[in-house]
Amino acid sequence: MLFRSFQGERVKAGGATPAVPVAQQTQSALLLNQSLDAAQARRFEECVDLAKQSSTVNPGNARAFSNLGFCLGAQGKWAEGIAAAQEAVRLDPTLQLARNNLNWMQQEQAKAGKR
């Protein structure tokens with residue numbers, strides 16, 4: 001079963017974390033896709049809630065943590081967003097989107113600290 005994601009990639013249920021049952025991976029993927037839809041619609045609070053649910057259902061879902069970080073950053077919650085993006089990178093060091101989100105938030109946090 002495939003699902004679409006924010007960046008046009010597909011989020012595949014059952015492929016990310018073998019220790020998590022497929023039903024939980026599927027539920028996590030559905031929640032993540034709802035979170036991605038909320039992010040695209042700029043409904044960042046809803047995005048955060050759904051990404052948190054996705055990461056709770058499947059704590060190994062790096063994309064959920066990446067999206068959580070992005071949506072927290074979009075709200076100016078830099079420290080929380082950075083922590084979520086760092087977790088995404090820890091879970092999947094190859095996830096470039098998480099690295100990009102992390103770099104963006106660190107730059108924005110530094111700018112905010114200089115004001």
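Axes here are lines fitted to C-alpha atoms, for helices over the stretch in contact, and angles run from 0 to 180 degrees between N-to-C directions. The model is predicted, so local features need pLDDT of at least 70 and side-chain atom pairs count only at pLDDT 80 or more, while totals for chains, interfaces and linings use all residues. Residues are numbered from 1 along each chain as its sequence is written, and side-chain values use heavy atoms, with hydrogens and water left out.

Select helix 3 (residues 62-74) and helix 4 (residues 78-91); their axes lie 7 Å apart at an angle of about 160°. Helices are DSSP runs (H or I, at least four residues), numbered from the N terminus. The angle makes helix 3 roughly antiparallel to helix 4 (over 145 degrees).

Show the side chains where the two meet: among them are Cys-47 and Ala-51 in helix 2, and Asn-67 in helix 3. Contact means heavy atoms within 4.5 Å.

Now select Ser-35, in helix 1 (residues 22-40). Is Ser-35 buried or exposed? Ser-35 counts as buried because its relative accessibility is 0% (buried is under 20% relative accessible area, with a 1.4 Å probe and protein chains only). Beyond neighbours within four places in sequence, Ser-35 is in contact with Cys-47, Leu-50, Ala-51 and Asn-67.

Finally, display Ser-35 with Asn-67: a polar contact of 2.6 Å joins their side chains. A polar contact is a pair of N or O atoms within 3.5 Å; within protein, one must be able to donate a hydrogen and the other to accept it, and residues adjacent in sequence count only if both atoms are side-chain atoms.

Terms used
Buried < 20%, exposed > 50% of the residue type's maximum accessible area, 1.4 Å probe, protein only. Parallel < 35°, antiparallel > 145°, perpendicular 65-115°, else oblique.
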